Amino acid sequence: MDIIRVGPGFAAELRGVTLADVANDDAAYAAVRAAFEEHSVLVFRSQEVTDEGQLAFSRRFGPPEVTKVGSLGTGSHFVILTTIGPDGKVVPADHRYAMRNKANQLWHTDSSFKKTPALTSILSARIIPANGGETEFVSTRLAFEKLTPTRQKQLANSFAWHDYAHSRGKIAADLASAEERAALPPVCWRMVWKNPVNGRGALYLASHAYAVEGMERAAGEKLIDELMAAATAPGTSYVHAWKGGDVVMWDNRATMHRGRPWPAHEARLMVRTTISATAADGLEAMRPPSQQAAE
Ligand SMILES: [Fe+2]
């Protein structure tokens, strides 16, 4: 397996290894897992991807999420991100699918709004537009390491509230349905996720974050906005331009990402599997002290 760095201080393409190798071979998994801990974003090119193959690969990293209510693929282990409607045609720009893509274009980390957040997301390209539709990543680990030690310490002892309805509300007031709101009440996480393998901290932020525990609402929002801006400053991102057969996985503990736009009339179909974080991934320390005591 060869590791080729592709981003500014993070992100790497892996060559000489397939999804099937990782699914079937312990040594291949161990090598890819080590690269994942180190590089945060991994790119696999020219893969022969099936739903089953993607899921078998994904399961190596932990328990797969069951897709939430209101998303295509609900109840399965797959999230279907598409602009193709049930009639086989590309949906209009004001369609719910298209609005969801807009929400996906805000900087975020997947599933920070869930009761169990995500370790990693695995995204495969099935139908891609000729232009645009890239996925852009930043390292919240590198962003954290740029802060002063005082600031790092302060944030490591701060907690932020995350709410799916908040990020969707930035696009349209009713984009999160009543059913989704009921299923996804706000959750609170430490603002720094420490990787238990290498001990490195990363800012844990997203478009879903809306308040800092113990701070005035406006002051908390300002802090979140400043940290988001610093973490996504120009020159810090890796932009993945998708090709057929590409699979990209990322560490939701140490990155943020956003989708980039593409011409609305062009079809795009991507399939995501998402692996929940577990205690081995540093999850327990992310909970506010009150919840640690209660569980
Ligand atoms: Fe995402």
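Colleague: Which residue in β8 does W161 stand opposite?

Modeller: A caution to begin with: this is a predicted model. Strand β7 covers residues 159-162, and four bridges join β7 to β8. The two strands run antiparallel. Within β8, the residue opposite W161 is C188.

Colleague: What is the strand order of the open sheet of three strands?

Modeller: The pairing in this sheet is antiparallel. Its edge strands are β8 (187-190) and β11 (209-212), each pairing on one side only. Direction ignored, neighbouring strands are turned by 35° against each other on average. The order is β8-β7-β11.

Colleague: Which strands stand at the edges of the seven-stranded sheet, and why is one side of each left without a neighbour?

Modeller: This open sheet has mixed pairing and the order β1-β2-β3-β13-β5-β15-β4. Each edge strand has a single partner strand, so one side is left without a neighbour in the sheet. The edge strands are β1 (2-5) and β4 (79-82).

Colleague: How much does the twist average from one strand to the next there?

Modeller: The question concerns the sheet with the order β1-β2-β3-β13-β5-β15-β4. From one strand to the next, the twist averages 25°.

Colleague: In the hairpin of β1 and β2, which residue takes a positive phi?

Modeller: Strands β1 and β2 run antiparallel and are joined by four bridges. R5 has A12 in β2 as its bridge partner. Between the strands lie six residues. With a phi near 90°, the residue is G9.

Colleague: What is the bridge partner of F44 in β13?

Modeller: Strand β3 (residues 41-44) pairs with strand β13 (residues 247-251). Four bridges connect them in the antiparallel sense. For F44, the partner in β13 is V247.

Colleague: At about what angle does helix α2 run to β3?

Modeller: Helix α2 spans residues 26-39. The helix lies across β1, β2 (12-15), β3, β5 (118-127) and β13. Its angle to β3 is about 130°.

Colleague: Which residues are the protein donors of the iron ion?

Modeller: The donor atoms lie 2.2 Å from the iron ion. In sequence, the donor residues are spaced H-x1-D-x146-H.

Colleague: Are H108 and D110 buried or exposed?

Modeller: Buried means under 20% relative accessible area. On that cut-off, H108 and D110 are buried.

Definitions and conventions: Residues are numbered from 1 along each chain as its sequence is written. This is a predicted model: local features need pLDDT of at least 70, side-chain atom pairs count only at pLDDT 80 or more; totals for chains, interfaces and linings use all residues. Side-chain values use heavy atoms; hydrogens and water are left out. Donors are N, O and S atoms within 2.8 Å of the metal (3.2 Å for Na, K and Ca); water is not among the atoms, so sites may look incomplete. Buried means under 20% relative accessible area, exposed over 50%, partly exposed in between (1.4 Å probe, protein chains only). Two strands pair if DSSP finds at least two bridges between them. Axes are lines fitted to C-alpha atoms, for helices over the stretch in contact, and angles run from 0 to 180 degrees between N-to-C directions. Contact means heavy atoms within 4.5 Å.
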